[in-house]
Amino acid sequence: QEPFVADEYIERLAWRTPGGGSRGGEAFDPKRLLEEFVNHIQELQVMDERIQRKVEKLEQQCQKEAKEFAKKVQELQKSNQVAFQHFQELDEHISYVATKVCHLGDQLEGVNTPRQRAVEAQKLMKYFNEFLDGELKSDVFTNSEKIKEAADIIQKLHLIAQELPFDRFSEVKSKIASKYHDLECQLIQEFTSAQRRGEISRMREVAAVLLHFKGYSHCVDVYIKQCQEGAFLRNDVFEDAAILCQRVNKQVGEIFSNPETVLAKLIQNIFEVKLQSYVKDQLEEHRKSDAEQYLKNLYDLYTRTTNLSSKLMEFNLGTDKQTFLSKLIKAIFISYLENYIEVEIGYLKSRRAMILQRYYDSKNHQKRSIGTGGIQDLKERLRQRTNLPLGPSIDTHGETFLSQEVVVNLLQETKQAFERCHRLSDPSDLPKNAFRIFSMLVEFLCTEHIDYALETGLAGIPSSDSKNANLYFLDVVHQANTIFHLFDKQFNDHLMPLISSSPKLSECLQKKKDIIEQMEVKLDMGIDRTLNCMIGQMKHILAAEQKKTDFKPEDENNVLIQYTNACVKVCGYVRKQVEKIRNSMDGKNVDTVLMEFGVRFHRLIYEHLQQYSYSCMGGMLAICDVAEYRKCAKDFKIALVLQLFDTLHALCNLLVVAPDNLKQVCSGEQLANLDKNILHSFVQLRVDYRSARLARHFS
């Protein structure tokens with residue numbers, strides 16, 4: 001038995017043999033084990049021979065059966081060939097019979113068709129005779145339940161009557177036409193009644209009969225009219241129309257053989273009657289009296305109409321449904337869209353002018369005219385070149401004349417205008433219309449509001465020698481910067497998508513660039529003059545607070561202050577202005593303006609220190625002042641400004657250093673690269689400069 005393992009088999013045989021192992025204390029007997037092995041081998045040989053004979057017998061039997069099976073297969077193949085031949089013969093016979101039957105059928109049809117036509121003609125002649133006699137006796141005409149058969153007959157008689165000469169058969173033609181019309185009316189009435197009862201199958205039957213009548217289109221009209229009864233009861237005519245079309249779309253295929261034509265006619269009727277009337281009522285009410293409401297309604301109605309059109313695109317309306325629906329929309333709105341942009345521009349102009357005027361009125365400000373022409377242009381060029389105020393300074397009382405609320409209103413109006421322009425403009429006119437709206441924004445936001453505020457702010461900057469002047473131009477800069485970021489965002493978010501692929505893009509970018517450059521010139525000019533005023537204020541502080549005795553005290557041994565009062569006030573003023581500059585600017589502009597302010601601050605202190613003579617203790621006090629100025633300069637966080645004050649601090653050391661050490665100090669790291677005349681000018685400020693010893697050491 002499988003699995004067979006020889007070693008295990010021998011082991012089991014040895015254990016079963018007495019004396020074959022040591023179990024139970026029994027002694028091992030090799031002879032007995034050998035004898036058992038020999039006997040077992042003989043038994044296995046006998047078994048092998050017996051199995052071999054059985055195998056040979058089975059092989060012989062298998063060969064015999066294989067031969068018998070092969071013989072049987074050959075006999076079956078022969079039988080199959082015979083059957084196949086019989087099948088071919090039968091197939092040929094069937095084809096022959098079928099040909100004969102078809103031929104016979106053609107012959108019968110050739111005989112029967114004329115016969116049927118003759119029978120049909122006989123029936124028609126019979127019915128025609130009834131019309132000739134003027135009395136309709138046939139059941140088909142008197143029985144209302146056979147209206148379908150009557151319709152088929154009268155339709156054929158009507159066609160025949162068309163071919164008859166009028167002079168001989170005018171009366172019968174009139175009677176047939178009258179019956180034709182009566183049956184047509186009855187069928188339409190039956191269709192109407194079935195529609196009211198909701199009997200779809202009856203409607204389908206009547207519509208199929210009417211298909212060959214001239215009044216079939218009237219049947220469709222009746223269906224369309226009754227479909228709309230009670231469909232428009234809510235305020236939302238667009239939603240009602242979508243629901244109606246969806247309901248009819250499911251039903252129309254079960255009734256008419258041309259459902260796409262019927263549905264298209266329904267949609268056309270809805271657009272030309274319901275929607276057109278609704279749109280006209282909504283728009284004509286405000287067209288001349290309220291431009292804002294008119295534009296809002298136009299945008300809303302056009303959007304809802306196009307959305308309805310998108311929903312209707314799901315239905316089968318024929319081959320070119322996109323063009324079909326576009327023509328329907330165009331027919332409704334064409335009279336309103338032709339002059340849309342003119343209405344838009346007119347509204348924006350009046351609306352923006354009102355927003356600005358309302359703002360200036362709230363400030364009790366009469367907007368002054370910024371002149372143009374030769375004299376004004378000459379003043380502008382002179383002002384740009386000399387940076388001098390031309391004309392009297394205007395006191396703005398701290399008002400910037402810039403309002404984020406006004407700007408947000410203007411930008412919101414423009415955003416809505418861009419949205420309307422995108423929706424209502426013809427694609428070919430879209431870039432041109434968008435550019436006109438952008439130009440209006442530039443005119444009212446940039447020119448009439450921002451530029452006017454800059455001009456007013458420039459005129460409000462006092463002269464550099466004014467005392468206790470209030471400087472508000474940095475507030476103008478701050479607000480103008482914020483506003484222009486909003487303007488730039490709208491340019492990118494709402495205008496760019498409308499003009500990105502048209503030649504108007506470069507024109508808009510150039511217009512934007514020009515207005516930016518124009519404003520930057522005025523901003524730079526105002527900042528420069530404001531810095532001059534700051535320096536002027538600091539000069540007044542120094543002139544009023546700094547005394548000559550500060551640096552040449554009468555009692556050298558009794559100086560109790562760490563730095564002068566002028567220094568304290570100047571540093572306080574500078575720190576306020578630095579904070580104001582940081583709050584008014586952003587980005588790199590902060591560093592640029594602070595660097596310019598710091599350089600001018602340094603120049604002022606440098607020139608201020610040159611005006612005094614310094615004793616030893618006065619020089620120490622000057623060093624303390626410059627150290628305080630340098631600490632103030634650190635607030636600028638500009639390396640150049642700090643370096644300038646470091647150098648100035650090193651120069652002030654020349655005021656107190658011992659004469660023997662002057663050369664060493666001058667050759668130090670911070671002073672080595674300075675012009676010798678600068679060093680000499682500081683040494684000359686010392687009280688002891690004229691002593692021969694000092695002059696000799698410095699020479």
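How are α21 and α23 oriented to each other? The model is predicted: local features need pLDDT of at least 70, side-chain atom pairs count only at pLDDT 80 or more, and totals for chains, interfaces and linings use all residues. Residues are numbered from 1 along each chain as its sequence is written, and side-chain values use heavy atoms, with hydrogens and water left out.

Helices α21 (residues 639-652) and α23 (residues 676-683) have axes 9 Å apart and pack at an angle of about 50°. Helices here are DSSP runs of H or I with at least four residues, numbered from the N terminus. Axes are lines fitted to C-alpha atoms over the stretch in contact, and angles run from 0 to 180 degrees between N-to-C directions. Angles under 35 degrees count as roughly parallel, over 145 as roughly antiparallel, 65 to 115 as roughly perpendicular and the rest as oblique. α21 and α23 are therefore oblique to each other. L648, L651 and C652 of α21 meet I678, L679 and F682 of α23, where contact means heavy atoms within 4.5 Å. This contact of α21 with α23 has 6 nonpolar, no polar and no charged residues. Ala, Val, Leu, Ile, Met, Phe, Trp, Tyr, Cys and Pro count as nonpolar, Asp, Glu, Lys and Arg as charged, and the others, Gly among them, as polar.

The axes of α14 and α16 come within 11 Å and cross at roughly 5°, so these two helices are roughly parallel to each other. Their contact includes L411 and F418 from α14 and L486 and F487 from α16. By class, the contact of α14 with α16 has 8 nonpolar, 6 polar and 1 charged residues.

The largest pocket holds about 670 Å³ of space. A pocket is an open set of points on a 1 Å grid over the protein atoms alone, where a 1.4 Å probe fits, with protein on both sides within 12 Å along at least five of seven lines; lining residues have an atom within 4 Å of a point. Points are joined across faces, edges and corners, and the volume is the space filled by probe spheres set on them. Of its 25 lining residues, Y302, L337, L424, S425 and D426 are the closest to the centre of the largest pocket. α11 gives the most to this lining, with 7 residues.

The second largest pocket has a volume of about 520 Å³. Among its 22 lining residues, N481, E520, L523, D524 and N589 are the closest to its centre. α17 supplies the largest share of this lining, 8 residues.
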